[in-house]
Amino acid sequence: YEKLYLHYLPAANPISKKLYIAAPNKLFRIDLADVVEVRKGFSTDTFNEVQRLMKTTSKKNKFLIPDNCLSIIFDHRSKGKADRSYTLDLVCTDEEIRNKWFDAFDQLIESMKEVEYQKEYELYLRER
């Protein structure tokens, strides 16, 4: 899968907007060929650390609940990080939106795996 990217717009905050201006084609895209897993809830080190550090009285806590969160896990070999996986941790506005994103990524990952297995099988048959 060459050049199979999901492009997205930056968040509406000054830091994200400046990053987008600096490198619009690099920072806000996901190479879908590198996605290996999608997880619901607080299932990454990043979410666990954020949850630990946030104050319980914060107004943002109403969104930062496991039912609204998902993580996209990338193949660690694709980012040159041999010791740990690279993740994109997302917080949705509600559980329904999180489930839609989760289902879409889960389906995409399974479809890409099936195509890859089919390619390997065809290559095996050709070699025989």
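**View 1. Strand 5 gives the most to the lining of the largest pocket, with 4 residues.** This is a predicted model, numbered from 1 along each chain as its sequence is written. Local features need pLDDT of at least 70, side-chain atom pairs count only at pLDDT 80 or more, totals for chains, interfaces and linings use all residues, and side-chain values use heavy atoms, with hydrogens and water left out. The largest pocket holds about 300 Å³ of space. Its lining has 13 residues, and Y8, L88, L90, C92 and W101 are the closest to the centre. At least two lining residues come from each of strand 1 (5–7), strand 5 (86–91) and helix 3 (95–127). By class, the lining has 11 nonpolar, 1 polar and 1 charged residues. Here nonpolar covers Ala, Val, Leu, Ile, Met, Phe, Trp, Tyr, Cys and Pro; charged covers Asp, Glu, Lys and Arg; the others, Gly among them, are polar. A pocket is an open set of points on a 1 Å grid over the protein atoms alone, where a 1.4 Å probe fits, with protein on both sides within 12 Å along at least five of seven lines; lining residues have an atom within 4 Å of a point. Grid points are joined across faces, edges and corners, and the volume is the space filled by probe spheres set on them.

**View 2. The largest nonpolar core has 13 residues.** I30, L32, V35, V38, I72 and F74 touch the most other members. Strand 3 (35–40), strand 4 (69–74) and helix 3 each give two or more residues to this core. Helix 3 gives the most, with 4 residues. Such a core is a set of buried Ala, Val, Leu, Ile, Met, Phe, Trp, Tyr and Cys residues joined through side-chain atoms within 4.5 Å. Buried means under 20% relative accessible area, exposed over 50%, and partly exposed in between (1.4 Å probe, protein chains only).

**View 3. V38 and its contacts.** Leaving out residues up to four places away in sequence, V38 touches L70, S71, I72, F102, F105, D106 and I109. A contact means heavy atoms within 4.5 Å.

**View 4. E37 and R39 meet in a salt bridge.** The N to O distance between their side chains is 3.1 Å. E37 is partly exposed, at 33% relative accessibility. R39 is partly exposed too, at 28%. A salt bridge puts a side-chain nitrogen of Lys or Arg within 4 Å of a carboxyl oxygen of Asp or Glu. The whole structure has 4 of them.

View 5. R98 is buried, with a relative accessible area of 5%, whereas E95 is partly exposed at 36%. E110 is partly exposed at 37%, and K113 is partly exposed at 33%.

**View 6. The whole chain has 3 helices and 5 strands.** Along the sequence the pattern reads β-α-β-β-α-β-β-α. Helices (H or I, at least four residues) and strands (E, at least two) are DSSP runs, numbered from the N terminus. Buried residues make up 23% of the 128 residues. Among contacts between residues at least 6 apart in sequence, 62% join residues at least 24 apart.
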